[in-house]
Amino acid sequence: MIMAKVAKRIQKIREGVDPNKLYVLTDAISMVKERAVAKFDETVEVSMNLGVDPRHADQMVRGVVNLPNGTGRDVRVAVFARGAKADEATAAGADVVGAEELVEIVQGGKIDFDRCIATPDMMPLVGRLGKVLGPRGMMPNPKVGTVTMDVAGAVKASKGGAVEFRVEKAGIVHAGVGKASFDAKALEENIKLSPMRSSRQSRLAPRATMSSASPSPRPWVRASRSTLRRLRLNQFSRFPSEV
């Protein structure tokens with residue numbers, strides 16, 4: 001069998017990494033930052049296999065967390081609202097605001113935003129966009145705070161570091177928690193408030209597939225183009241309250 005040749009860049013990134021070792025958070029962050037050698041500012045990501053089956057409604061894990069140090073991304077926010085609420089959204093910094101006319105624009109295939117918020121009275125209209133926004137994970141949902149009368153608060157949260165997460169078919173949840181250029185303390189604070197929360201939720205699911213014999217879920221952290229690093233879950237002794 002012919003072995004695939006590993007690029008020198010990948011070899012350099014993997015040097016000193018033990019794939020079987022559980023790294024403490026501070027060490028993992030340091031290694032990720034050292035190995036983020038791309039020409040762009042790489043995103044630091046956290047992922048975890050929760051051991052749940054999202055096909056069952058009581059094992060679906062989703063929500064939103066507000067990262068204390070932001071994500072490092074310039075998030076464009078669209079708000080479906082009318083009248084005073086539309087004015088509030090604009091004043092709060094929303095990039096796109098509208099009602100029927102915005103629905104028509106999105107139906108036409110133009111999506112010039114990253115996150116979508118709507119007031120409850122707009123949902124009968126926005127519901128028509130399910131086939132367009134749904135596959136992109138952008139459909140407003142009251143469970144994650146994107147269907148709300150507090151449009152100003154939702155816009156500021158989205159701009160300030162709100163990260164929405166949802167467990168995938170394989171039971172994995174992942175999220176970006178900042179950029180490689182962030183200092184180590186900022187990344188550590190963000191990571192402690194990211195999918196760790198999802199793990200807490202999954203344990204509360206009454207039909208979760210995890211048993212006492214199953215290993216506890218282990219989070220992984222990496223930069224966009226780096227080798228995965230495993231973290232010690234047991235160092236996160238406190239979890240934020242659920243969404």
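1. Two residues are said to be in contact when heavy atoms lie within 4.5 Å of each other. By that criterion, L125 touches R82, E100 and V103, leaving aside residues up to four places away in sequence. L125 belongs to helix α5 (residues 123-126); helices here are DSSP runs of H or I with at least four residues, strands are runs of E with at least two, and both are numbered from the N terminus. L125 counts as buried because its relative accessibility is 11%, where buried means under 20% relative accessible area, exposed over 50%, and partly exposed in between (1.4 Å probe, protein chains only). From L125 to A99, the C-alpha distance is 8.3 Å, although 26 residues separate them in sequence.

2. Some remarks on the basis of this note are needed. The structure is a predicted model, in which local features need pLDDT of at least 70 and side-chain atom pairs count only at pLDDT 80 or more, while totals for chains, interfaces and linings use all residues. Residues are numbered from 1 along each chain as its sequence is written, and side-chain values use heavy atoms, with hydrogens and water left out.

3. The overall composition is as follows. The protein has nine helices and nine strands, and 43% of its 243 residues count as buried. Among contacts with a separation of 6 or more, 74% are between residues 24 or more positions apart.

4. Helix α2 (residues 25-35) has as its buried residues L25, A28, I29, M31, V32 and R35. Seen down the axis of α2, these residues fall within an arc of 165°, so they line one face of the helix; the arc is that of the directions from the helix axis to the C-beta atoms. As a general rule, an α-helix has 3.6 residues a turn, so residues three or four places apart point the same way.

5. Which residues of helix α3 (residues 83-92) are buried? They are A86, A89 and A92. They cover an arc of only 125° around the axis, which puts them on the same side of α3. The face turned away from that buried side carries the exposed residues A84, D87 and A91. The buried residues of α3 pack against β3 (77-80), β4 (96-98) and α7 (151-160). After α3 comes G93, with a positive phi near 110°.

6. Helix α4 (residues 100-107) has L102, V103 and V106 as its buried residues. Their arc around the axis is only 105°, which puts them on the same side of α4. The elements covering them include β3, β4, α5 and α6 (130-133). G109 follows α4, and its phi is positive, near 100°.

7. The strand pairing deserves attention; two strands pair if DSSP finds at least two bridges between them. Strand β1 is joined to β7 by six bridges, and the two run antiparallel; N49 stands opposite I172 in β7. Strand β1 is also joined to β8 (residues 219-223) by five bridges, again antiparallel, and the bridge partner of S47 in β8 is W220.

8. Strand β2 (residues 62-66) is mostly covered, with four of its five residues buried. Five bridges pair β2 with β6 in the antiparallel sense, and V65 has V163 in β6 as its bridge partner.

9. Where does G161 lie? Its place is in the loop between α7 and β6. G161 is buried, with a relative accessible area of 3%. G161 touches V65, N66, L67, G70 and T71, again not counting residues up to four places away in sequence. The C-alpha atoms of G161 and T71 are 5.3 Å apart, although the two residues are 90 apart along the chain.

10. The largest pocket has a volume of about 850 Å³. On a 1 Å grid over the protein atoms alone, a pocket is an open set of points where a 1.4 Å probe fits, with protein on both sides within 12 Å along at least five of seven lines, and lining residues have an atom within 4 Å of a point. Grid points are joined across faces, edges and corners, and the volume is the space filled by probe spheres set on the points.

11. The lining of the largest pocket comprises 32 residues, of which R73, D114, R115, G137 and E164 lie nearest its centre. At least two lining residues come from each of β1 (43-49), β5 (115-118), α7, β6 (162-166) and β7 (172-179), and β6 supplies the largest share, five residues. The lining divides into ten nonpolar, 13 polar and nine charged residues. Here Ala, Val, Leu, Ile, Met, Phe, Trp, Tyr, Cys and Pro count as nonpolar, Asp, Glu, Lys and Arg as charged, and the others, Gly among them, as polar.
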